[in-house]
Amino acid sequence: MRQPSLLGSIRFYATRKQAYTRAVSVLATGLFLGALGVWLHFLLAGYPADVGGDAYTYARFGRLLGSGQITIENSVADVFRNHMEPPGTPQPLTWNTAMLPSGAWVYTVAPGFPLVLAAAYQIGGLGALMHANLLFQAGVALLFFAFLLISNDRPTRWLCALAGTCGFFLLDPQTQHQFISLWREPLLFLLFLGSACALVLQDRYPRCYWAIPFLLGYATAVKESSLLYAALLGGVLLSSPAFRAHPRVWRRVLLGGAVFMVASAPLWLQNFYLTGRPWLSLYVARETAEYSVTDAGMGLSAGNVFHTVGRYIGLYRPHAHWLIPFIFLALLGLYRQRHTLAGRLMVAWLIGHVALYIQWGNAEARHMYFVVFPLLFGVVHGMDGLLQRFTRYFLRGYPLVSATVWVAVAAMNAVSLPARHRPFQVAYGFGDWRAVAESVQQSVPDEALVLSNRWLRDIIGGYTSLGVTRLRTLQEGTGIPAARIIREEVESGRVVYFLDNPDQSPRSTRLRTDLSLIDRKILEEQHDLVPVRRMESDDPFFVARVGRSFFTIYRVEAWQSPIFERTWDVEPQQVAFLFLSPRRQQGELQLWVNDEPLDHDFDDGPFIPLTVSGQDTDKTALRVEGAQTQMIPHFSDATWMGWEDPIKLPAGDTAIPDDQYWFPDGVGEQPFADRRLFDNSFQLRLPVREGDDFFTAIALHLKGPRIFPLSIAVDRPPSTGYAYTAHRGPVWIPVPALEDAAGRRAIMREITVHVPEEHTLHVAQMSSHVIGRSMPIPDQDPGMGWLFTGYIMPVETAGNWYVTVGEQRWKQGQAAPVPHENPTALFLGAHELENKSGRALRWHEAGLLQPGLFAVGQEFALTPDSPLMPFLTESLHQLERDTQFFRWTSSEAVFRLPVIDAAATYRLELMLACHAPEEHQTVDIWVNDELVDRQRLDPSTATLTYDIPAAGFPEARWMKVTLRMPGWRPAAYGSADRRKLGVRWYGLTWTHLEPPLRD
């Protein structure tokens with residue numbers, strides 16, 4: 001008997017439609033349930049129960065409702081009530097909360113989701129509350145799968161449903177983020193998909209109709225904007241011919257409206273309690289407070305449309321390679337389904353959502369998650385239509401093709417997504433965060449006020465009943481300085497704790513700074529911070545949420561002692577000064593240094609000049625007492641400084657409130673940022689050190705985005721000041737010594753900065769630097785020399801300068817006011833200093849910043865990481881490393897080597913390598929402008945050795961070594977590196993071969 005061919009067997013089984021359809025449905029359902037199970041398994045393995053942001057509010061509100069309360073009653077609420085008068089209308093205090101005229105502090109978010117969390121809390125405790133969203137996720141997957149099935153009557157609907165549902169979890173970069181957090185969106189999805197399924201089924205099963213108004217009503221209680229979607233779904237329902245043909249259509253409409261109102265009753269009751277009007281939501285009122293047809297705003301405003309559309313284009317542009325075909329398929333599928341009830345529903349859903357959220361001022365990718373359902377609905381129908389057309393002649397094989405395409409698309413996007421959006425990401429789990437929160441609760445009394453920044457505030461507030469808030473929230477909600485609030489609370493007996501975790505606010509990169517430093521400074525103005533417990537973890541997810549690998553719990557207490565003592569290691573007879581922060585100067589203080597009383601007028605500044613007398617020990621002790629036993633703070637930031645130490649004075653949020661002293665006229669209302677902003681003339685009060693042999697230069701470190709002229713004067717009106725140019729980087733201001741300067745002193749000098757109109761100066765930091773006018777030359781052995789290096793800083797903004805040793809002039813030039821553009825090196829050999837009197841260098845009309853003094857003997861080595869690089873080399877690129885440090889040269893590189901004895905012979909050893917293309921591998925070596933060799937190099941490091949007699953250069957103090965190469969650009973060979981390169985330089989040694997000179 002002849003066996004049937006393979007093609008015949010395929011035809012035979014493919015034509016048995018009933019068996020084929022059953023097999024496909026069983027296979028697709030099995031694959032879907034299996035994929036869902038795997039997905040939930042990975043989530044359960046690392047589910048973080050994230051309570052950051054709004055999730056923190058939902059968790060707190062849910063627990064509050066679960067305990068049978070409505071208003072917030074804890075230490076945070078007490079503090080707000082103590083420090084503000086109840087306003088005539090509800091006053092927003094913190095995100096999603098408000099203070100009522102009665103003084104009650106309440107949540108303003110819609111109560112639908114917190115009510116569900118409250119039920120979960122009553123049934124299964126905190127664990128059930130934190131994991132409720134897992135059930136909603138499974139429900140969303142099942143309902144979307146069901147909706148795709150019932151909205152399609154083709155035999156391939158099972159594969160389409162499988163593809164669309166898997167696409168929701170794999171293709172949307174926000175799905176993991178939305179569903180891992182304890183946010184209300186999964187419940188909202190569940191309610192809307194349930195109403196969509198009921199809408200499609202109500203033609204065949206009329207009783208499904210009553211589920212529609214109920215689910216949409218409760219969705220409105222979950223989120224107020226659901227009213228828009230409810231209206232859209234209601235319009236689609238009323239436009240259905242089958243619904244309009246019902247004999248009692250108006251009765252159904254009226255009864256459906258009543259069911260809707262009953263289901264949404266929690267929202268209307270909450271609105272009535274908060275505002276006295278059931279239709280007025282505090283949440284909606286806040287988000288629409290800036291609504292305008294033309295003007296932009298942070299909330300909802302039609303003026304945001306242009307900017308929001310541009311932002312979305314920028315967000316999705318990197319994924320255009322798959323997004324464009326994805327949108328094409330979605331529109332094609334929606335067009336093909338335009339005559340079906342499900343198709344009209346999805347089109348209305350898509351248009352309504354896009355029309356609403358393109359008006360959102362802070363719209364991001366997460367605000368468009370709701371649009372994924374209609375898009376995926378269109379995609380599965382669009383791909384189904386295309387595959388039906390192009391595979392009709394391939395023996396019904398297109399279901400296999402469809403599945404293959406969907407798997408490929410899912411894999412491509414799962415790989416191309418950023419790491420934080422990839423599926424199955426394991427995070428710091430519920431048990432870990434709960435353990436952290438419980439550890440904090442064990443160290444803090446239940447009635448305490450806990451000050452902490454995000455995200456640790458959210459974690460502790462979500463898992464415990466402690467009253468947690470941010471210091472900034474207290475100040476912003478009451479309009480009262482936070483330091484005053486805490487002082488009054490501590491004096492009244494309130495127990496206050498502080499957690500020093502950084503703030504990791506995602507809203508702006510300018511806010512991603514360690515706000516705990518600011519908080520700590522504010523608290524230490526009038527309090528002692530007593531450490532209670534330190535908690536550490538190297539887990540990357542702990543570090544990501546907390547902001548670093550540790551945090552410390554401090555108890556905030558009033559100053560407890562009238563005496564402060566501290567010791568330093570200071571050499572006897574060392575001349576320097578003591579710094580005491582100006583914000584510490586509360587009342588009169590008496591200072592002792594090594595039991596000797598010290599008089600200082602703090603109006604002259606916080607820098608106290610001192611000379612430590614001889615003592616038996618190597619410690620120098622500071623003792624501070626408050627007058628008449630007044631309580632004083634710990635001077636933990638008291639610092640012993642040398643005269644040549646640079647003084648850095650930061651400005652902006654990391655310096656609050658320290659920098660207030662540096663701006664005597666104030667800084668006005670400033671945002672939390674990493675800089676201070678000035679749009680007019682302002683004063684600076686800055687530390688200046690001066691004496692017979694040095695002066696001071698002040699550097700203003702700017703971050704301004706524009707270049708514009710400035711006028712800066714020291715103790716003079718702006719009209720007679722120096723002309724400067726504001727740019728990104730430091731602006732240097734020389735401060736000449738006062739005429740009555742004698743000896744050494746540290747004083748405060750006022751500098752006036754005039755900012756032109758229509759410009760804003762961004763000051764990020766100030767610094768004070770000592771500029772030496774002279775430098776002693778030590779005694780030395782014969783055969784040695786001294787190499788002096790540093791940066792020239794003129795006394796005026798620019799001018800001529802010269803250097804002398806005694807009466808002899810050795811070097812001169814003209815300097816710009818930016819010292820790092822003026823590196824200088826001066827070498828003096830032993831024979832040049834013989835019989836010289838006044839063995840010191842002196843800079844006339846200038847000084848030396850960051851002076852360096854190096855002894856040069858028999859052998860001198862210069863390495864790529866040497867501090868002498870700016871002074872002895874030219875045309876070398878930045879430091880790099882493979883197996884050892886090196887620098888790329890340009891097409892020409894210059895080295896200057898000091899000559900000790902002009903009558904000697906020197907050995908020069910150069911370590912070079914060349915990774916250039918073959919036509920660029922030659923290098924010429926020149927010494928004092930004479931060609932001594934031409935080499936062809938390979939990638940291996942080669943040491944080139946030359947013995948060079950200095951007799952041919954009798955007047956030279958320097959040996960000038962120049963490397964000249966053809967030069968090449970890696971960009972011409974496919975690299976992203978656009979520099980012009982020569983060879984790799986690994987170092988050199990320069991050796992004096994003759995015996996050293998002797999007396």
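Is Asp929 buried, exposed or partly exposed? Asp929 counts as partly exposed, because its relative accessibility is 48%, where buried means under 20% relative accessible area, exposed over 50%, and partly exposed in between, using a 1.4 Å probe and protein chains only.

Hello everyone, and a word on the ground rules. This is a predicted model, in which local features need pLDDT of at least 70 and side-chain atom pairs count only at pLDDT 80 or more, while totals for chains, interfaces and linings use all residues. Residues are numbered from 1 along each chain as its sequence is written, and side-chain values use heavy atoms, with hydrogens and water left out.

Let's stay with the backbone for a moment. Asp929 has a phi near 70 degrees, a positive value in a residue other than glycine. Asp929 belongs to the loop between strand S36 (922-927) and strand S37 (930-936); helices (H or I, at least four residues) and strands (E, at least two) are DSSP runs, numbered from the N terminus. Gln850 also has a positive phi, of about 50 degrees, although it is not a glycine. Gln850 is found within strand S31 (residues 846-856), and its relative accessible area of 47% makes it partly exposed. For context, most residues other than glycine have a negative phi, and most peptide bonds are trans.

That brings me to Arg454 and Trp455, which are joined by a cis peptide bond with omega about -5 degrees. Arg454 also lies over the face of Trp455, at 4.7 Å from the ring centre. The rule here is that NZ of Lys or CZ of Arg must be within 6 Å of the ring centre and within 35 degrees of the ring normal. Trp455 itself is in the loop between strand S4 (449-451) and helix H22 (456-463). Elsewhere, the charged end of Arg896 sits over the ring of Trp958, 5.1 Å from its centre.

Now for the aromatic rings. Rings of Phe, Tyr and Trp (its six-membered ring) pair if their centres lie within 6.5 Å, and planes under 30 degrees apart count as stacked, over 60 as edge-to-face and the rest as tilted. By this rule the count comes to 28 aromatic pairs. Take Phe147 and Phe377: their ring centres are 5.8 Å apart and their planes at 45 degrees, so the pair is tilted. This pair links distant parts of the chain, with Phe147 in helix H6 (residues 132-150) and Phe377 in helix H19 (residues 372-390), 230 residues apart. Both Phe147 and Phe377 are buried. For Tyr209 and Trp210, the ring centres are 4.8 Å apart and the planes at 70 degrees, so this pair is edge-to-face. Tyr209 is buried at 4% relative accessibility, whereas Trp210 is partly exposed at 33%.

Helix H10 (residues 211-222) is my next stop. Why is H10 described as largely enclosed by the rest of the structure? Because 10 of its 12 residues are buried. Among those buried residues are Ile212, Leu215, Tyr218 and Val222. The cover over the buried residues of H10 includes helix H5 (112-130), helix H9 (185-201) and helix H13 (249-263), counting contact as heavy atoms within 4.5 Å.

Last, have a look at His83, in the loop between helix H4 (75-82) and strand S1 (91-92). His83 counts as buried, at 8% relative accessibility. Not counting residues up to four places away in sequence, His83 touches Thr478, Ile480, Ile485, Glu488 and Glu489.
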